[in-house]
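These are my notebook entries on one protein chain. I set down what I looked up, entry by entry.

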Amino acid sequence: MIKRIKNEFGKLFFKYLSKRNWVIVNYNFGEKKNALHLIKKIKKEIETHLSENEAIQLFTISKSVSKIKGDFVEVGVYAGGSAKILCHTKKDKQLHLFDTFEGLPEKTKEDYQGFKIHDFNCSLN
């Protein structure tokens with residue numbers, strides 16, 4: 001009886017998530033578990049606007065492309081959280097960081113309207 005209730009609850013729960021385009025991701029295994037631990041540590045040290053899922057994706061993708069010849073470049077560094085993630089995956093490659101430290105420029109009609117001028121500005125201190 002309890003097993004049947006759990007199954008029905010699970011179906012309803014995942015239907016609820018699906019209607020909202022939400023997903024549950026399990027990173028509690030292997031290398032992704034270690035990556036998640038690292039990312040949580042970095043997020044305590046440095047502000048980043050990446051969700052844990054986005055940070056895991058950055059970690060995984062950058063680790064995969066670290067096998068390709070060439071350096072790493074990040075444009076729009078903000079406080080350096082994603083750069084620190086890249087430092088853990090880049091192996092012996094150079095990491096070049098570029099930022100104005102003034103935040104976003106004035107928007108045009110073609111730009112995403114969710115951010116405003118000077119969002120993401122950051123000092124070097």
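The entries below go from the whole chain to single side chains.

**Entry 1: Basis.** I am working with a predicted model, in which local features need pLDDT of at least 70, side-chain atom pairs count only at pLDDT 80 or more, and totals for chains, interfaces and linings use all residues. Residues are numbered from 1 along each chain as its sequence is written, and side-chain values use heavy atoms, with hydrogens and water left out.

**Entry 2: Fold elements.** I found four helices and two strands in the protein chain. Helices (H or I, at least four residues) and strands (E, at least two) are DSSP runs, numbered from the N terminus. Their order from the N terminus is α-α-α-β-α-β.

**Entry 3: Burial and surface.** I noted that 24% of the 125 residues count as buried. Buried means under 20% relative accessible area, exposed over 50%, and partly exposed in between (1.4 Å probe, protein chains only). The accessible surface comes to about 10,000 Å², and carbon and sulfur atoms hold 57% of it. Such areas come from the Shrake-Rupley method with a 1.4 Å probe; for residues, only the protein chains shown count as cover.

**Entry 4: A nonpolar patch.** I looked up a nonpolar surface patch of about 430 Å², made by Phe9, Phe13, Phe14 and Ile24. Patches are made of residues with over 30% relative accessible area and no salt bridge; like charges are joined within 9 Å, nonpolar side chains (Val, Leu, Ile, Met, Phe, Trp, Tyr) within 5 Å. Ile24 sits in the loop between α1 (2-19) and α2 (30-45), and Ile24 counts as exposed because its relative accessibility is 52%.

**Entry 5: Salt bridges.** How many salt bridges does the structure hold? I recorded four. A salt bridge is a side-chain nitrogen of Lys or Arg within 4 Å of a carboxyl oxygen of Asp or Glu.

- Glu8 pairs with Lys11, with the closest N and O atoms 3.7 Å apart. The two are three residues apart in helix α1, so about one helical turn separates them.
- Lys63 pairs with Glu31, with the closest N and O atoms 2.6 Å apart. This pair links distant parts of the chain, Lys63 in helix α3 (residues 52-65) and Glu31 in helix α2, 32 residues apart.
- Lys84 meets Glu45 at 2.5 Å, N to O. Lys84 lies in helix α4 (residues 81-87) and Glu45 in helix α2, 39 residues apart. Salt bridges that share partners join Lys41, Glu45 and Lys84 into one network.
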